[in-house]
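I opened this model to look up its core and its sheets. My notes follow.

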Amino acid sequence: MERIPILKMGEFLLVTIQVDMHDRLAMTLQEDLTERIVSARAHGVLIDISSLDVVDSFIGRMLGHIAAMSRILDAETVVVGMRPAVAITLVELGLALPGIRTALNVEKGMDLLRRAQEQDSWEPGDSRHVPAQD
Amino acid sequence: MSLLKTETAPIRSDTDVVLVRQQVRAWAIELGFGLVDQTKIVTAASELARNVLIYGAGGTVRLEALNDGTRKGLRLTFEDQGPGISDLELAMKDGYSTGTGLGLGLSGAKRLSNEFELRSVPGVGTRVMITRWK
C-alpha cells in the first residue's frame, strides 16, 4: 500500500508530502503519524507541504487533526513551506487553519520546535536548560 | 460565446478526485490562467468532486474551455444521481454538513469561482456549475 514516509530526526518527526494525496492516503498518514509519535517518543512533528500545489478542506482538516492529536500526545506540530497561492486560496475557501503553527521553511520550523522543546523542559534551578534568548 | 473544447470525466473513487484536480490544472494552464487563479479553480474542483463522490455516490464532471470574445474561461459542471439536496439555502451555509466534513465545500467553491449555479432535485440528483474567467 502507498504511504507517505515519516523520518525521525532526533526528537522530532519529519514528513515531506511530495505527492498529490488522495483522501485515503491522507487518512493513512494521520494514523501512521500518531502511532509514530508514541513509538518514537517524539516531541515535535514537522510537516513540509512546499510541494503541494493544492490544499483543500480535506487536507486542511487533516493538518488540523494531526496538530490536535499530537498536542494531546505531548508533541508540537509545525506546518512549513505553504505556497503563497495556496495560502490565498485557503483563506478564501474559509479555512484559516486555527490551532496550526506554521513557519516559512524547514529550517525556521525546526527552530520553532527546538524553542518549544527548550521552554517545555526548563525547570527553575535547572541551569542546563536555559531557554534561548532572542 | 464559443466553446474551445470539452471533455467529460468520471468521479467514482478518491483517485478520480486526484485526476480531476490534475486535469483541471492542465486546462487552466492551457487557458493561460495565473498561478492564483489556477489554484482557486483546482481547489474548488477538488471540493465539488469530493461532494459528488461522498454525497452523490459518484458521478461526472464536464470540463469546458470557453471564449466569450474578450476573455477565456473554464467551466466545470459536476453531476450526480444521488439523493439530492433538500434545503439548498442550508447546504450553502458555511460550516453546515450532513457528512463528517467541515461544511466548506459548496460555499467555499462558490467563493473561489466567478459564476456558481446549484440545481438539485431530491431523489433525482445534483448539478453544480462553476466558471472562472481569466
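**Core.** I looked up the largest nonpolar core first. It has 64 residues, and Val45(A), Val24(B), Ala45(B) and Ala49(B) touch the most other members. I took such a core as a set of buried Ala, Val, Leu, Ile, Met, Phe, Trp, Tyr and Cys residues joined through C-beta atoms within 7 Å. Buried means that 20 or more other C-beta atoms lie within 10 Å of a residue's own, with C-beta atoms placed from the backbone; exposed means 12 or fewer, and partly exposed is in between. Helix α2(B) gives the largest share of this core, 9 residues.

**Basis.** This is a predicted model: local features need pLDDT of at least 70, side-chain atom pairs count only at pLDDT 80 or more, and totals for chains, interfaces and linings use all residues. Residues are numbered from 1 along each chain as its sequence is written, while chains are lettered from A and ligands numbered from 1 in the order in which they are written.

**Val24(B).** Which residues does Val24(B) contact, leaving aside neighbours within four places in sequence? I found Ile41(B), Val42(B), Ala45(B), Leu63(B) and Leu76(B). Contact here means C-beta atoms, placed from the backbone, within 7 Å.

**Sheet in chain B.** I read an open sheet of 5 strands, ordered β1-β2-β3-β5-β4, with antiparallel pairing. Strands (E, at least two residues) and helices (H or I, at least four) are DSSP runs numbered from the N terminus. Two strands pair if DSSP finds at least two bridges between them. β1 (2-11) and β4 (115-121) of chain B each have a single partner strand, so one side of each lacks a neighbour in the sheet. Neighbouring strands are turned by 10° against each other on average, direction ignored. Axes are lines fitted to C-alpha atoms, for helices over the stretch in contact; angles run from 0 to 180 degrees between N-to-C directions. I counted 9 bridges between β1(B) and β2(B) (59-67). Ser2(B) stands opposite Asn67(B) there. Helix α1(B) (14-30) touches β1, β2 and β3 of chain B, at about 165° to β1(B). Helix α2(B) (35-54) touches β1, β2, β3 and β5 of chain B, at about 10° to β3(B).

**Sheet in chain A.** This open sheet has 5 strands in the order β1-β2-β3-β4-β5, with mixed pairing. Its edge strands are β1 (6-9) and β5 (101-103) of chain A. β3(A) and β4(A) run parallel, joined by 5 bridges. Leu46(A) has Val78(A) as its bridge partner. Helix α2(A) (57-72) touches β3 and β4 of chain A, at about 155° to β4(A).

Technical notes. Two residues are in contact if their C-beta atoms, placed from the backbone, lie within 7 Å.
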